[in-house]
Structure formats: structure tokens, C-alpha cells
Amino acid sequence: MRYSIIVPVYNRPDEVDELLESLTQQTFKDFEVIIVEDGSVKPCKDVCDKYANILDLHYYAKENSGPGQSRNYGAERANSEYVIILDSDVVLPVGYLQAVEDELKHNSCEAFGGPDAAHPSFTPVQKAISYSMTSFFTTGGIRGGKAKLDKFYPRSFNMGIRRDVYLQLGGFSKMRFGEDIDFSYRIVEAGYMPRLFPEAWVWHKRRTDFRKFFRQVYNSGIARINLEKRHPGTMKLVHLLPTVFTLGVIGLLIISLFWPLACVPIILYSLIILIDSSFKNKNIWVGILSIPAAFVQLMGYGFGFIESWWKRCVLKKDEFSPCERPEVERTAFEKNFYK
């Protein structure tokens, strides 16, 4: 078996149906699918049963432990040379696995990853969020499939690794957030060099509204400080920019109370986002929605980064999740990871 596709799932039967449908259309066929139901209230077993005679599909149900540990659960039961980790809210183009196979045959490697994109059927909000996560004017384009100046670190929505290396490194840690970046760092620290496969991209729904999107990027900001504590020296200038942006916007808004022209940089930035996103998405409404999406992406991350910096670097607290009350820890864990 060449590939095992591992998907942790929590309450997403409809999304799993779309993902499995896209897997039936792959031009490369030497793969199995491992679905790990992570304590869902709305299981996807009926959906998986529908594809049982079409795909080499294995369904496992277990108690909730989070996506990282569920991926490990699946990898331990895989029977392939490589495992490919996907989020349950992605859909694959028909040539995805063939693109992975072509890259590995041309230049083999132990670990790899690919970019994501917005599908034409996505809602305007989903397209705006996808733009904010991949645009040069928000993330510097490092999430949009362009080669980076430094090492490439795959993310868990589209990540591949040779199975023996996965098991050797112990898979994903029990970090609440940023567990995929932590794993990527450990892959590099072990001497392996993950590669970006630009043509092995996926359609990624991400979050479906700005409230959920804010919670996601807020948690990413928290994770950045935790990752620096675990892997000293991994924080780069680009990781600080959302915090600088956040403080700058707040400062300009305060100054504008006394000098209205202070808002001009914010207005100009919004116009750049509007024009660029409208052009790339060929839709002015998506362009308009990309303005709040960009501010949510940058400032949500910035606020999470500031909170984590204050608690971990100033107050010297241990690694934490946004909810620190033990009696509701599991609820917070589920909500923040999956919704």
C-alpha cells in the first residue's frame, strides 16, 4: 500500500461525505482511507458505510482526545509507506494523489505538504476567509502555496510523512493548539527536510463565519508563544507582524479621536484588500467581506499572541489553553478544536 489517508472527525458527517466522494474520483488508486471518529455526537458511520464497497475504507470510533491523538490512532493502524493527514473539511481535486506521487517519484522525501484554496462553490464568507489566510497582504503569502525563504513546515490540513518516520517521532503531541507546527518542527529537528508540493493542493472550507474564524486565529496566536517555548529560536519576524498590526490599529483609532486623519492608513489598507481580493475572486462582494476577514485574521492572532506573551513570558505561567477551569476543559477543547 502506497498511501494511508487519515482523517480525524468530530461532528462533521456532511463534510466527510464530500471528502470521501472526492477520494472516489482520484486518478491514482493505491491508497486506503482511515476515518477516526473522535467522540462525535453526530457520527459519520452511515456516510462511511456508503463508501465501504467503493474505497478501501476503515472506520474507527473512539473517545474524544482531540485531532492530534486521533491522527496518531489512525497512523498506528495504517498499512502504507506514507500517511497523508487531511482535515475533515477539505475536498480533493481529482489529481491530488497523482500530484503527490509525481513529486515523490521525481524527488523523494520523508515529509511534505501542500497548499489550500477556495472552491467556487464556497460561500462568500468562506472565500473571504480563504483569501485572508493566503494573501500576500495578510500572511505574506506563506500559506498560499508560494515557496518560502526558510524551511517549509506542513500543516495538518494537508500533510504527508513516511509512516516509519511518523512512528519514530511519536506523531502529534498533546498540545492544545499548534500541534501540527510542533510536529513539523520535530520533523526538521530530527534531520528531515519537508518539501512543499505546489500542485498537491486541496479545497479547504476553513471556518464558516467570522466568530469561529476569530477563535481559530486567536488560538493560533496563543500557540505561537507555546511553540517558541518548546522550540527556541523558531519565532520569526513574520510571527510578530500581526501583533504589531493589532497595536498599530488600536493606536491609530485612539489617535483618530483627536486627529481624524490618523485613520487614513487603515482606510488605505482596507482599499488594498478590497481591490486585490475582488480581482482575485472576481467578485466585489467577496472583496468587501475580505476587509473584515483580514482584520479578524491579523488582530485575532495578535490578541492571542499578546495574551500568551503576558501569561507565559511576564507572569511565567505554564502552557495553557484559553479555558483553564478543569471542570470545563474538555468542552473548551472540543469547541476550540473542531468548531
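Two strands are taken to pair if DSSP finds at least two bridges between them.

Strand 1 (residues 3-9) and strand 2 run parallel and are joined by seven bridges.

Strand 2 covers residues 31-38, and eight of its eight residues are buried, so the strand is largely enclosed by the rest of the structure. In a regular strand the side chains alternate between the two faces of the sheet. In strand 2 both faces are covered. On one side lie Phe-31, Val-33, Ile-35 and Glu-37, and on the other lie Glu-32, Ile-34, Val-36 and Asp-38, all of them buried.

Strand 5 pairs with strand 10 (residues 202-204) in the antiparallel sense, over two bridges. Within this pairing, Val-91 stands opposite Trp-203 of strand 10.

## The chain as a whole

The chain contains twelve helices and ten strands. Its radius of gyration is 20 Å, close to the 20 Å that the globule rule gives for 339 residues, so the chain is as compact as a globular protein of that length. Along the principal axes, the C-alpha trace spans about 70 × 50 × 40 Å.

Of the 339 residues, 56% are buried. The chain exposes about 15500 Å², and carbon and sulfur atoms supply 60% of that area. Among the contacts with a separation of 6 or more, 80% are made by residues 24 or more positions apart.

The buried residues of helix 3 are Pro-67, Gly-68, Ser-70, Arg-71, Asn-72, Gly-74 and Ala-75.

Gly-221 belongs to helix 8 (residues 210-230). Its relative accessible area is 0%, so Gly-221 counts as buried. When residues up to four places away in sequence are not counted, Gly-221 touches Tyr-301, Gly-304, Phe-305 and Ser-308. Gly-221 and Gly-304 are 83 residues apart in sequence, yet their C-alpha atoms are 4.3 Å apart in space.

## Loop residues with positive phi

Asn-11 lies in the loop between strand 1 and helix 1 (13-24). The phi of Asn-11 is near 60°, a positive value in a residue other than glycine.

Lys-316 is situated in the loop between helix 11 (284-314) and helix 12 (329-338). Although Lys-316 is not a glycine, its phi is positive, at about 65°. With a relative accessible area of 62%, Lys-316 is exposed.

## Cysteines

A disulfide is a covalent bond between the sulfur atoms of two cysteines. Counting a disulfide where a pair of cysteine sulfur atoms is within 2.5 Å, the model has zero disulfides. Cys-109 is buried, with a relative accessible area of 6%. Cys-263 is partly exposed, with a relative accessible area of 22%.

## Confidence of the prediction

The mean pLDDT of the chain is 90, and 90% of the residues reach 70 or more. Over residues 323-339, however, the pLDDT is below 50. Beyond near neighbours in sequence, this stretch has 38 contacts in the model.

How values were computed: Residues are numbered from 1 along each chain as its sequence is written. Side-chain values use heavy atoms; hydrogens and water are left out. Helices (H or I, at least four residues) and strands (E, at least two) are DSSP runs, numbered from the N terminus. Buried means under 20% relative accessible area, exposed over 50%, partly exposed in between (1.4 Å probe, protein chains only). pLDDT is the predictor's confidence in each residue, from 0 to 100. Contact means heavy atoms within 4.5 Å. The radius of gyration is taken over C-alpha atoms; the globule rule is 2.2 Å times the number of residues to the power 0.38. Accessible areas come from the Shrake-Rupley method with a 1.4 Å probe; for residues, only the protein chains shown count as cover.
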